[in-house]
Amino acid sequence: MREKLDEQGFEQVPQLSSSRIIDVNERMTIVNDNPSGVKRAVLIGINYVGQQGELSGCHNDVKNISSYLQQVQGFRPQNMITLMDDGVHDNPTYDRILQAFQWVVNESQAGDTVWIHYSGHGGRVEDDNGDEDDGYDETLIPVDFQRKGQIRDDDLLRYLVKPMREGVLMTCLMDCCHSGTVLDLPYRFIADGDHYQMERNDDFDMDHLIEVAKIAATMAASLGGMAQSVIQ
């Protein structure tokens, strides 16, 4: 991927983060091998229509990913939530994005497959709890960020990663700036030409993950009914 980006004049360095060690030289699997497992997806594309910093390709990204998931990987539309600021789909607001994450967490069981796609702006804000070595939280920027704020990496860890049930295979594709560590996972691979395998993130606090996972699971269970009713 790095070579392809170089050929086209891009300087971005792709990164892969994971909750477990992945052999980056092997073919990556994004669908659980359980034949009876359900495949679910949350697809988010934000062009920030009419706002400063408006983008142009995020809706197309979502459409392409949706087609790929359905035509190649066998996902069904009834198990997919799409949020786009295109006047057709539900708007990708701060609340709706978190509600979509809570929906996919509450619905998914061991053996299921989850795909999360985000295409839009990403950002950095000052760390507010002292868990970032560089002093900044990475963020996703919802369409209503000027009113509601940004979605921090701590929020993604709390509402999406930690409460996900064991045995669910989840893949997240974050097409935005500052996305390499936006999920705050313990292992990472940097495709800069100098790294050839995943490495442990020495700053990752495993004890803190376990503690917050218990809290997040309780919160997700209590909020699940409300999130589902709002999305529907």
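A disulfide is taken here as a pair of cysteine sulfur atoms within 2.5 Å. The model is a predicted one, and by this rule it has zero disulfides. For Cys 58, the closest cysteine sulfur belongs to Cys 176 and lies 9.3 Å away, which is too far for a bond.

| Residue | Relative accessible area | Class |
|---|---|---|
| Cys 58 | 6% | buried |
| Cys 172 | 23% | partly exposed |
| Lys 162 | 11% | buried |

Cys 172 is classed as partly exposed because its 23% is not under the 20% that buried requires.

**Helix H2**

Helix H2 covers residues 58-71. Which residues of H2 are buried? They are Cys 58, His 59, Val 62, Ile 65, Ser 66 and Leu 69. Viewed down the axis of H2, these buried residues fall within an arc of 130 degrees, so they line one face of the helix. An α-helix has 3.6 residues a turn, so residues three or four places apart point the same way.

What do the buried residues of H2 pack against? Their contacts are with four strands: S2 (39-45), S3 (80-84), S4 (113-119) and S8 (169-175). On the face of H2 turned away from the buried side sit the exposed residues Asn 64 and Gln 71.

**The sheet of S1, S9 and S10**

Three strands form an open sheet in the order S1-S9-S10, and their pairing is antiparallel. The edges are strand S1 (15-18) and strand S10 (199-200); each has a single partner strand, so one side of each is left without a neighbour in the sheet. Strand S9, residues 187-190, is joined to S10 by two bridges. Tyr 187 has Arg 200 in S10 as its bridge partner.

**Lys 162**

Where is Lys 162 placed? Lys 162 belongs to the loop between helix H5 (153-161) and strand S8. Is the residue buried or exposed? With a relative accessible area of 11%, Lys 162 is buried, because buried means under 20%. Along the chain, Lys 162 and Val 105 are 57 residues apart, while their C-alpha atoms are separated by 9.5 Å.

How values were computed. Residues numbered from 1 in each chain as written. Predicted model: local features only at pLDDT ≥ 70, side-chain atom pairs only at ≥ 80, totals over all residues. Heavy atoms only, no water. Buried < 20%, exposed > 50% of the residue type's maximum accessible area, 1.4 Å probe, protein only. Pairing = 2+ DSSP bridges. Expected span 1.5 Å × (residues − 1). Arc of directions from axis to C-beta. Contact = heavy atoms within 4.5 Å.
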